[in-house]
Amino acid sequence: MLATVRKDLSRWRQDIVGILLWMSIPLLIGGLITSMMDGGGGAKPHGVLLLADQDESFISGLIAGAYGQGELGELISVEKVSFEEGSRRIDAGNASGFLVIPAGFGNAFLESEPVTLTLRTNPAQTILPGIIRDVTEILLDSGFYLHELFAPEISTIRNLVEDGSRPDDLLVAAISVAINAKIEAASSQLMPLALDLEIVEPPPSDAPSYPFALLFLPGIILMALMISANGLASDFWIERAQGTLRRVIIAPGQMAGFLVGKCLAAGIVMTAVGGVTLVVGFLYRGITFTRLPSALGWIAVSGIALFSWFGVLQMAAGTQRAATVVTSMFLFPLLMAGGSFFPLAALPDWIAAIGRKTPNGFVADRLTTEIIADAAWAIDGQSWLIVAAIAMTGLGACFLRLRSGFARG
Amino acid sequence: MLVVENLIKQYGEFVAADGINFAAEKGTVFGLLGPNGAGKSTAINCISGLLKPTSGHISVNGHDVASDARRARQCLGVVPQELAIYEDLPAIDNLRYWGKAYGLRRKTLESRVAEVLSYIGLGDRAHELPKKFSGGMKRRLNFGCGIVHKPAVLLLDEPTVGVDPQSRERLFNMVEAERDNGACILYTTHYMEEAERLCNSLAIIDRGKIIADGTVAELRAQTGARDVLQLSGNFPVEETRSAIHDLANAKINDLEIISQEEGSLTLSLPDGSHNLAIIFDSLASAGGRVTETSLRRPNLETLFLLLTGKELRE
């Protein structure tokens, strides 16, 4: 048996490119998914809007302050500069935009007279200058409509601010009542809204949420295991073509040792294939390595089970070409259903339930449990027994097929 | 040492081995000579355990192949007709693997592997992959894998098919060396010259049946002093048969037609060279025309021709 393990590992080492290819499949897919879904963990883009406020009025102050509100404030920092400094810095490309509010802007706004604001943007940037341009247009449009509705009230507030006098309670109440009356008068024109937006929040779940890439990790490991199991199982055909299976039959009491040895060798290769991705995933997500032995053990046992059943499928076909077709017919639908193209945890419950019943879905689901659990060896004993039983029955079926004529050729 | 009794192997209606009997002794080479499809490989596959006989009894070194298979197989070495080596495993590891399969371990294994590598002439290429070897080198490695465990009985199934003359000579030497070391060797071939050179005794097999057996000398004696005359040309069937019949009655005793077709005629006769002119005259008077003539002295190939009416290589 050990001689067969050594022999097959030595032979398969000759095809190191194939094994590296199997290893690269999950790393490649995992890298792509992580970069797409996790955004790489990088900082949000941030731009600087230079503002030359030549008016220094209450109204121009409102515009300058509007850029720093809410989420917009996380994207854009407003920096007050002189016209000369702003011009120099935007020419040097050291800001996303440069807004000039001319002297007399406040008065012109209140008197509904034409006035021009100058906005220069940085052509070297694409997204942030566009945001600044759009926000500026929205602000000016909003200002126009507010002025149309509340011009006397705005004028009163402006005078109070610019005089520096403290308004008495009666004046504040009068302004409030006036604004409220105008809103009520306008509401008959504005209400009801054409669209009624209702936001329904899902009930809070007790289950913790995990990054998409982490949930995807077991699925892509299983993809690599399935592809490598199928590739390694095709070795039965290679051995048959080489005539060595006939020698195995002729040798005294060799068949069982040969088969178990081949499965163990396949298990070692598949553990290496899955293990590389697992270690990379652990490092990337900062998962403690105390779980690595249990996860690798699960991969090894599952790998042997997958190998043995792909062996059965390979040997059930009449020719090697037919075997490739038959195994492909099983391989890709199983990968699809078993969470290798989309994690089971992110699928609708009924689809996930079907997926968990596929062999690879079953294995991936338990591997997910092992990875996200609080402690190592989280996979239940029953699951270990099920996979071990699947491996044993697969081995038995392979043995029977070899004895029933496949090895003779 | 190797006994085959009334071996029958049937595939439905087709009988591949039809009551084969022979026995081979220690330190001898027993040959199974026959054309392709005669049943030689079937017999070897039944002995090696690759095929289950329909009926019959096979004993290897005193162990019944059916009831004591493990011990019987332990005594057997097989060099199959097709190559049976790992082309992607170094030559030395091929020998180690098959040595371990037959129970050799550690020092015994390593010393035997080194011995066989030297024996098959691959000592300097032991760590290379067989896929880089020539056909003859692969054949030698195939042979080495069959003898690495020093089997008491060695089955060689047409080991020289597709082998260059130099490697063939080397294989002959190896077979002779194994024989001299005391192995009992069953050697199948459809090359008469191989059988004549290597085999102490042999059986001629055709369509699953042994049609003659004995030592090479005994089999040669079966042909008597009769030559085989093969003629090509144009021979009217009835007229030619009548002419040959008349010749046999009047001028040439024991003249026989082995096979006759319109374009060819094969005759068996004593002292062929002295009777050629009479035969040509008779054929010409019967309307025949001879374009090519071949007169062969008695050997195993002519014996096969006499027994079956067809060439050994057909």
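The model is predicted: local features need pLDDT of at least 70, side-chain atom pairs count only at pLDDT 80 or more, and totals for chains, interfaces and linings use all residues. Residues are numbered from 1 along each chain as its sequence is written, and chains are lettered from A in the order in which they are written.

Chain A is divided into domain 1 (2–38 + 211–406) and domain 2 (47–190), with bounds from an automatic or database domain assignment. Taken over C-alpha atoms, the centres of these two domains are 63 Å apart.

In chain B, strand 8 (residues 184–189) is largely enclosed by the rest of the structure, because 6 of its 6 residues are buried (20 or more other C-beta atoms within 10 Å of the residue's own, C-beta atoms being placed from the backbone). Strands are DSSP runs of E of at least two residues, and helices are runs of H or I of at least four, numbered from the N terminus. B:Cys184, B:Leu186 and B:Thr188 lie on one side of strand 8, and B:Ile185, B:Tyr187 and B:Thr189 on the other.

Between chains, 17 residues of chain A are in contact with 22 residues of chain B (C-beta atoms, placed from the backbone, within 7 Å). Helix 11 (244–250) of chain A is one of the elements giving two or more residues to the chain A side, and helix 11 gives the most, with 5 residues.

Technical notes:
Buried ≥ 20, exposed ≤ 12 C-beta atoms within 10 Å, placed from the backbone. Contact = placed C-beta atoms within 7 Å.
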